[in-house]
Amino acid sequence: MRFLVRRVGFLLVALWAALTVNFFIPRLMPGNPAQAMMAQFRGHVNPSALGALEAAFGVNTHQSLLSAYVSYVGNTFQGNFGISTSYFPLPVSSVIMRALPWSIGLVGLSTVLGFIIGTAIGAISAWRRGGLLDSALPPVFIIISAFPYFWVGLLSIWFFALTLNWFPLLGGYSETATPAWTWSFVGDVLIHAVLPAFTILITSIGGWILTMRNNMITVVAEDYVKMARAKGLKPRRILWHYAGRNALLPNLTGFAMSLGFVISGAILVEYVFNYPGLGFMLLQAVQSEDYPLMQSLFLLITVAVLFAIFLSDVATAILDPRTRSST
Amino acid sequence: MRKKIRAGLFSSALALVAGACIAVTPGVLASSTAGAATQVPLNLANEQGMLWPCTFNPFIPSSAPYSVGVTYETLEFVNSLQSGKVTPWLATSSAWSNDNKTLTFTIRPGVKWSDGKPFSAADVVYTFNLLKKYPALDSNAVWSVLSHVKQSGANKVIFTFSTSAVPYFYYVAGQVPIVPQHLWSSIANPVTNPISHPVGTGGYLMSKCTPQNIQWTNNPHYWQAGKAVVKTVNMPAFLSNNTCNEYLATGQSQWGSQFIPNIQSYYVAKKPGNSYWFPPVANVSLFPNLTTAPLNDVAVRQAISYGINRPTVSKIGEYGYEPPASQTGIVAPTFKSWSSPAATAAFGASYNPTKAKSILKSDGYKLGSDGVFAKNGKKLAVTIITNGGYSDWVATVQVIAAELKKIGIAATVSPIASTNFYSDVYAGKFQLAYNVETGGPTPFYEMRQWMYSKNSAPIGTAAASNWERFNSPSVDKLLADYGATTSVAKQHTIVNKLQMVMIKQLPVIPVLEEVDWFQFNSKAFTGFPSASNPYAQPGLYNIPDWGYVLDNLKPVK
């Protein structure tokens with residue numbers, strides 16, 4: 001119980017700090033959203049539009065920093081994140097809700113899959129060190145994971161989309177399709193997700209394999225594993241319930257962190273594949289100095305990472321009783 | 001306008017991959033083979049680096065390009081490629097009176113909104129009063145010169161200006177979209193309303209919008225018989241320039257406004273019929289900061305202007321797409337008829353490095369042993385800032401800097417991230433800035449933005465134009481005189497005088513001509529603007545021009 005209270009306390013302090021930093025950092029950038037929007041028009045708008053935009057965005061309202069901070073915190077707790085300036089006049093929450101499902105679906109799923117597959121390969125290859133699997137898979141995936149993933153993305157576009165023409169080139173769904181819960185649309189989404197998901201998957205597996213394999217090698221040499229063998233337990237049971245369970249612990253924290261980062265999407269993958277997710281939105285928010293959108297996205301990422309770490313702490317506590325008792 | 005080419009290394013990698021693969025499988029993406037009876041959709045290639053927000057408010061600059069001209073129409077069509085030639089649109093005629101302070105429009109009868117309700121003069125009056133009530137919607141600042149807008153009789157609208165405001169005709173008649181009173185009067189806040197389902201008088205209705213695509217279908221009850229006959233128009237959202245260029249080059253799109261490197265091999269040679277036309281519309285110039293040394297010295301500005309070999313800059317920096325500009329500020333061939341032979345002759349050869357050096361010498365500069373001029377022990381060194389987001393501009397400025405070194409001016413190139421660049425330019429925090437101002441239907445518009453002292457602001461305060469901080473009462477007078485006359489002959493005389501100011505005082509140093517990016521393929525649709533028939537600006541970001549072009553396109557039978 002005391003463990004839980006401490007973790008929750010830490011969570012709240014970290015949240016407040018994130019909220020505050022998040023408020024001040026965008027304001028250190030030069031210019032204002034109206035000027036940023038003028039920059040986006042690339043000289044294609046009457047210069048007098050600057051005045052109109054400043055009026056629309058309320059940039060010259062001379063609100064003091066403190067009162068802006070107070071209203072920001074208040075609004076955040078009410079779930080009111082303001083109006084996006086780059087997607088003006090849409091509210092930030094609706095802008096984010098458009099992109100969130102795409103990132104969770106694509107990046108979330110491929111992260112989970114990457115973790116499961118990578119961990120399994122890592123555990124098995126450590127268990128059968130020097131075997132066929134161990135000499136083939138880990139080196140291959142570790143080499144692939146050294147490639148920048150946008151580059152793998154570009155190659156897979158070239159090979160699978162353009163040369164073989166198996167998969168669509170870009171987008172989260174066909175341009176002319178209407179998003180709806182129909183089989184044809186879901187199928188359309190899935191086929192569009194294959195290449196970006198594949199890219200994230202094969203570039204992330206290597207990391208999981210490496211850490212899991214190293215952990216396993218240490219754990220396998222432990223006395224309790226020898227003991228289990230001596231007892232004559234089935235190898236499979238020893239692999240997953242004795243060695244695997246313990247070797248998994250360090251990996252789990254890493255997994256929780258990467259789950260948190262699912263929210264930030266995979267900026268480059270989304271960029272290369274024209275994928276309508278949060279990563280690209282974040283990039284765009286920064287480029288157009290869209291403070292409300294930027295703040296909300298950073299906040300979302302921070303909260304997601306903090307909660308993911310919190311959950312991994314709790315999970316570690318469940319898996320490993322030692323973390324609970326030692327204070 | 002140019003297309004952003006983000007992160008040079010990365011995009012060139014993509015271009016490489018994309019280029020290679022298209023060579024391997026030509027036309028693999030060309031899925032739009034024409035069905036027998038059905039008309040193929042017209043797909044537009046217009047990379048904006050964002051997913052569509054699906055907002056269509058015609059008064060907000062970010063959403064206006066997707067509704068003005070297509071769905072909402074203006075009173076007249078003013079053609080910037082033909083010195084402001086006027087074609088009636090929602091008004092049948094217009095006339096200035098009362099010392100050019102009153103402008104009367106006769107409103108077209110028989111026009112209907114796309115919901116079937118009749119359009120009337122009351123809608124016009126309502127629209128302009130809406131802009132008065134909400135300055136955030138008045139992006140052309142028409143109410144800076146308007147006093148009031150009133151209806152007279154059934155079909156006339158009278159605009160009264162506080163001063164003679166002839167050039168404002170372009171904004172009032174040609175840029176402000178007319179919206180329906182019966183729908184807009186019930187909108188609580190028209191500034192923050194997304195206007196998701198625009199109802200206008202135009203030829204096209206937005207029929208479907210997803211973040212990935214905007215689709216328009218033609219208005220079956222359009223008031224102009226025989227126009228707006230393209231059935232379906234798609235504008236997919238592109239996040240990167242290269243994917244969009246590919247879409248265009250492979251023939252999936254028939255109309256684009258893209259910056260395409262090596263357009264001949266990358267686009268024209270890819271599909272039969274792929275063509276392009278880049279009409280010049282404005283100048284991309286070096287803006288010298290006139291408030292500080294050394295650029296407050298006209299001799300230095302002259303030396304810079306004579307010292308730049310503009311054809312070389314155009315060739316290396318812009319693939320030759322943007323033609324060399326003239327120090328007179330007149331964009332050729334678009335505004336050729338405005339060019340003053342006297343000013344052109346007085347300036348002489350535009351590239352003259354010998355003259356550049358002798359100007360500096362007679363100004364008291366001495367050439368140092370390092371090949372850089374110096375005066376009173378101070379080296380003649382300048383920093384040129386430019387938008388780091390535009391790789392072509394960065395390349396251009398690098399060539400300019402190399403040119404300046406040849407005449408003994410040490411120039412440093414400083415590419416700055418887009419937003420910071422604009423805030424620096426607005427605030428006057430630069431020595432030389434390479435940037436573009438918005439053009440207009442005659443050279444006057446750009447010159448007014450360059451030189452009108454009231455457009456400027458003190459250093460540190462944002463000035464939306466006149467970034468170099470030029471201030472000349474006699475020029476202000478010339479600009480005001482232009483605004484007071486409808487006589488084309490008098491306007492020419494004034495623009496001639498302004499050209500003399502340009503070559504004598506060099507408040508701005510035009511380097512290249514900004515062009516409208518335009519690619520098209522006439523296999524499925526014909527009627528695009530061309531050099532021989534420049535009836536509208538063809539770039540997909542020009543309002544209301546691209547909607548006007550769309551009205552005039554015809555499918556090939």
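Predicted model: local features only at pLDDT ≥ 70, side-chain atom pairs only at ≥ 80, totals over all residues.
Local features need pLDDT of at least 70, side-chain atom pairs count only at pLDDT 80 or more, and totals for chains, interfaces and linings use all residues. Residues are numbered from 1 along each chain as its sequence is written, chains are lettered from A and ligands numbered from 1 in the order in which they are written, and side-chain values use heavy atoms, leaving out hydrogens and water.

**Exercise 1.** Work out how helices H8 (residues 183-220) and H10 (residues 235-260) of chain A cross.

*Solution.* Helices here are DSSP runs (H or I, at least four residues) and strands are too (E, at least two), numbered from the N terminus. Start with the axes, which are lines fitted to C-alpha atoms, for helices over the stretch in contact; angles run from 0 to 180 degrees between N-to-C directions. The two axes come within 9 Å and cross at roughly 145 degrees. Next, look at who touches whom, with contact meaning heavy atoms within 4.5 Å. From H8(A), the residues include A:Trp208 and A:Met212, and from H10(A) they include A:Leu239 and A:Phe255. Finally, sort the contact residues: 11 are nonpolar, seven polar and none charged. (Ala, Val, Leu, Ile, Met, Phe, Trp, Tyr, Cys and Pro count as nonpolar, Asp, Glu, Lys and Arg as charged, and the others, Gly among them, as polar.)

**Exercise 2.** Find the buried side of helix H14 (residues 473-483) of chain B.

*Solution.* Buried means under 20% relative accessible area, exposed over 50% and partly exposed in between (1.4 Å probe, protein chains only). In H14(B), B:Val475, B:Asp476, B:Leu478, B:Leu479, B:Tyr482 and B:Gly483 are buried. They cover an arc of only 160 degrees around the axis, so they sit on the same side of H14(B).

**Exercise 3.** Decide whether strand E20 (residues 509-515) of chain B is enclosed or open, and find a partner.

*Solution.* Seven of its seven residues are buried, so E20(B) is largely enclosed by the rest of the structure. For the partner, two strands pair if DSSP finds at least two bridges between them. Six bridges join E20(B) to strand E13 (residues 280-288) of chain B, running antiparallel. Along the way, B:Val284 stands opposite B:Leu512.

Technical notes:
Arc of directions from axis to C-beta.
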